[in-house]
Amino acid sequence: MTLTLTLTPLPAFDDNYLWLLDNGREALVVDPGDALAVATALDARRLTLAGILLTHHHADHVGGVDALRNRLQGPIYAPAHEKMPEPVTRVRGGDTVELLGLRFAVLDVPGHTAGHIAYFAASVPAELSNGDPLLFCGDTLFSGGCGRLFEGTPAQMHASLQSLAALPAQTRVCCAHEYTLSNLRFAREVDPANPALAAYADWCEAERAASRPTLPGRIGTERQINPFLRCAEPALREAARRHAPLKLPAAPSPVDVFATLREWKNGFR
Ligand SMILES: [Zn+2]
Ligand SMILES: [Zn+2]
């Protein structure tokens with residue numbers, strides 16, 4: 001009998017998604033900040049918990065780990081360089097981990113936190129999202145935006161985001177928060193003449209109005225609409241220069257543009 005894989009965003013707290021991937025018998029969960037949300041979903045579908053993937057140390061991503069240990073029948077993979085609820089199996093960029101028959105490449109994506117990692121499955125069975133690759137990126141890349149720089153530099157975060165932007169266009173992006181609409185308000189402020197962005201914002205508003213997640217996104221869409229992936233584009237460069245004319249040189253680098261946009265977004269309401 002073939003097992004069909006299903007990907008489900010479990011809502012938690014105000015705007016987190018805990019991503020659950022299951023084959024009808026076993027499941028893995030990414031960043032279980034809330035144990036109850038995971039336990040309820042596992043029980044409702046009679047799934048055993050075969051593994052946990054952790055992207056970074058923030059409480060809304062690891063807070064449920066200890067309470068899930070008694071039902072866990074597999075590994076907990078976690079970033080090599082962050083404080084974690086022990087014991088865990090430490091992984092870093094270049095490693096691969098296998099769960100539910102999927103191979104995930106571990107990517108180092110510092111910036112939001114110093115040791116943040118992401119998990120990328122290049123080869124996915126056809127019944128799961130047409131076989132499109134899967135990315136669990138925690139709080140690094142959001143649809144239309146990116147994570148705040150709590151521990152990293154703009155240059156680090158820019159490089160991390162560029163490495164994610166270089167993944168195949170059809171990659172499904174499983175972000176850890178439903179921040180899309182507020183991100184798109186900022187994106188339209190800084191990139192108002194982008195027709196792909198306007199069309200995507202309309203679609204996302206309809207999804208949220210119907211109480212559906214805007215996620216998972218797609219890398220190809222993010223390349224077109226996400227200002228933080230588009231810092232080399234003239235339109236974004238000009239927006240950054242208009243916003244911070246005294247701080248930026250006449251020919252700002254993409255990292256300069258990224259740093260300006262990130263700071264601008266921090267104060268944007
Ligand atoms: Zn975080
Ligand atoms: Zn978070």
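**Entry 1. The model.** I note at the outset that this is a predicted model.

**Entry 2. Zinc ion (ligand 1).** I looked up which atoms hold the zinc ion (ligand 1). I found His56 (NE2), His58 (ND1), His112 (NE2) and Asp139 (OD) coordinating the ion at 2.1 to 2.3 Å. Along the chain, these donors follow the spacing H-x1-H-x53-H-x26-D. I noted that the site links distant parts of the chain: histidine 56 lies in the loop between strand E4 (48-53) and helix H2 (59-62), and histidine 112 in the loop between strand E8 (102-108) and strand E9 (117-121), 56 residues apart. I then checked the geometry. The angles among the four donor atoms run from 93 to 164°, and the site is irregular.

**Entry 3. The bridge.** Which residue bridges the zinc ion (ligand 1) and the zinc ion (ligand 2)? I found that aspartate 139 does so, and that the two ions lie 3.6 Å apart.

**Entry 4. H5 against H6.** I next examined helix H5 (residues 180-190) and helix H6 (residues 195-209), which pack at an angle of about 155° with their axes 10 Å apart. That angle makes H5 roughly antiparallel to H6. The crossing of H5 past H6 is left-handed. On H5 the contact is made by Thr180, Leu181, Leu184, Ala187 and Arg188, while the H6 residues include Leu197, Tyr200, Cys204 and Arg208. By class, I recorded eight nonpolar, one polar and four charged residues in this contact.

**Entry 5. H5 against H9.** I then followed H5 to helix H9 (residues 254-266). The two pack at an angle of about 125°, with their axes 11 Å apart. That angle makes H5 oblique to H9. H5 passes H9 in a right-handed crossing. Asn183, Phe186, Glu189 and Val190 of H5 meet Leu261, Trp264 and Lys265 of H9. By class, this contact has four nonpolar, one polar and two charged residues.

Conventions
Residues numbered from 1 in each chain as written. Chains lettered and ligands numbered in written order. Predicted model: local features only at pLDDT ≥ 70, side-chain atom pairs only at ≥ 80, totals over all residues. Heavy atoms only, no water. Axes fitted to C-alpha atoms, helices over the stretch in contact; angles between N-to-C directions. Helix = DSSP H or I, 4+ residues; strand = E, 2+ residues; numbered from the N terminus. Parallel < 35°, antiparallel > 145°, perpendicular 65-115°, else oblique. Left-handed = near helix turned anticlockwise from the far one by under 90°. Contact = heavy atoms within 4.5 Å. Nonpolar A, V, L, I, M, F, W, Y, C, P; charged D, E, K, R; others polar. Donors = N, O, S within 2.8 Å, 3.2 Å for Na, K, Ca; no water. Tetrahedral: all angles 85-135°; square planar, octahedral: opposite > 155°, others 65-115°.
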